[in-house]
Amino acid sequence: MSLRNSYAAVLQLLRTHKGLSQQEISGKVVQSHVSHLESAKTTATVDVTYELAVALKMHPAAFFALILASHEQRPAREMLLAALEEIDELGLADAVLPTAPRNLVSSRVEEARKKWVAVQELKREGLSQSEAAKRLDIPDSTLRRLWHQSINK
């Protein structure tokens, strides 16, 4: 069974169970999009899923848990307990999580930064470009480029 079909089935089930029309739960999501979601003609973004859960007066995690339970054909309680166990094993069950991703530096950029720092340190020590290239075991052309860079990249 596709996740799109489970989403459609659960959205429709919850909406009708609560006695609401597609228009009543549309809010920030246009009614035609709700209709397309319920007929499994389209998929929803995380933001749309959140908005629909709020319109259904549900916690978004509960809404998505029901969708996944439908998709996996297991009881929602079983699925939620398994998910909580996984989160607990990660040591994140009681943690307040970040709300935005960190700016991660790629390993290539970090390696280049380390080379730049090493070159600048040898330059400050008074080594020549040739001596520094030999000590760091890097090509002369790379050393010359790093030698003349004035900003830490």
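## Salt bridges

Six salt bridges turn up in a search of the whole structure, a salt bridge being a side-chain nitrogen of Lys or Arg within 4 Å of a carboxyl oxygen of Asp or Glu. Side chains of opposite charge can pair when their charged atoms come close. The structure is a predicted model, in which local features need pLDDT of at least 70 and side-chain atom pairs count only at pLDDT 80 or more, while totals for chains, interfaces and linings use all residues. Residues are numbered from 1 along each chain as its sequence is written, and side-chain values use heavy atoms, with hydrogens and water left out.

Helices here are DSSP runs (H or I, at least four residues), as strands are (E, at least two), and they are numbered from the N terminus.

Are the two partners buried or exposed? Arg15 has a relative accessibility of 11%, so it counts as buried. Glu38 also counts as buried, because its relative accessibility is 9%. The word buried stands for under 20% relative accessible area, exposed for over 50%, and partly exposed for values in between (1.4 Å probe, protein chains only).

Glu78 is joined to Arg74 by a salt bridge whose closest N and O atoms are 3.2 Å apart. Glu78 has a relative accessible area of 43% and is therefore partly exposed. Arg74 counts as partly exposed too, at 26% relative accessibility.

Another salt bridge brings together the side chains of Glu125 and Arg135, at 3.7 Å from N to O. Glu125 sits in the loop between helix H7 (107-124) and helix H8 (129-136), while Arg135 is in helix H8, so the pair ties together parts that are ten residues apart in sequence. Both Glu125 and Arg135 are exposed. There is also a network: Glu72, Arg74 and Glu78 are joined into one by salt bridges that share partners.

## Surface patches

Which residues form the negative surface patch? They are Glu85, Glu86, Asp88, Glu89 and Asp94. Asp and Glu count as negative and Lys and Arg as positive, with His and the chain ends not counted. Patches are made of residues with over 30% relative accessible area and no salt bridge; like charges are joined within 9 Å, and nonpolar side chains (Val, Leu, Ile, Met, Phe, Trp, Tyr) within 5 Å. The place of a charge is taken as NZ of Lys, CZ of Arg, CG of Asp or CD of Glu.

A nonpolar surface patch is made by Leu84, Ile87, Leu90, Leu92 and Leu97, and it covers about 470 Å². Accessible areas come from the Shrake-Rupley method with a 1.4 Å probe, and for residues only the protein chains shown count as cover. Leu84 is located in helix H6, and its relative accessibility of 48% makes it partly exposed.

## Loop residues with positive phi

Ala40 is not a glycine, yet it has a positive phi of about 60°. Ala40 is in the loop between H3 and H4 and counts as buried at 17% relative accessibility.

Gln73 likewise is not a glycine and has a positive phi of about 55°. Gln73 is placed in the loop between helix H5 (60-72) and H6. With 64% relative accessibility, Gln73 counts as exposed.

## Contacts and distances

Thr49 is in helix H4 (residues 46-55) and is buried, with a relative accessible area of 9%. What does Thr49 touch, not counting residues up to four places away in sequence? Thr49 touches Tyr7, Ala44, Phe63 and Phe64, where contact means heavy atoms within 4.5 Å.

Ser70, in helix H5, is buried with a relative accessible area of 16%. Ser70 and Tyr7 are 63 residues apart along the chain, and 8.1 Å separates their C-alpha atoms. Ala112, in helix H7, counts as partly exposed at 37% relative accessibility. From Ala112 to His33 the separation is 79 residues in sequence and 48 Å in space, C-alpha to C-alpha.
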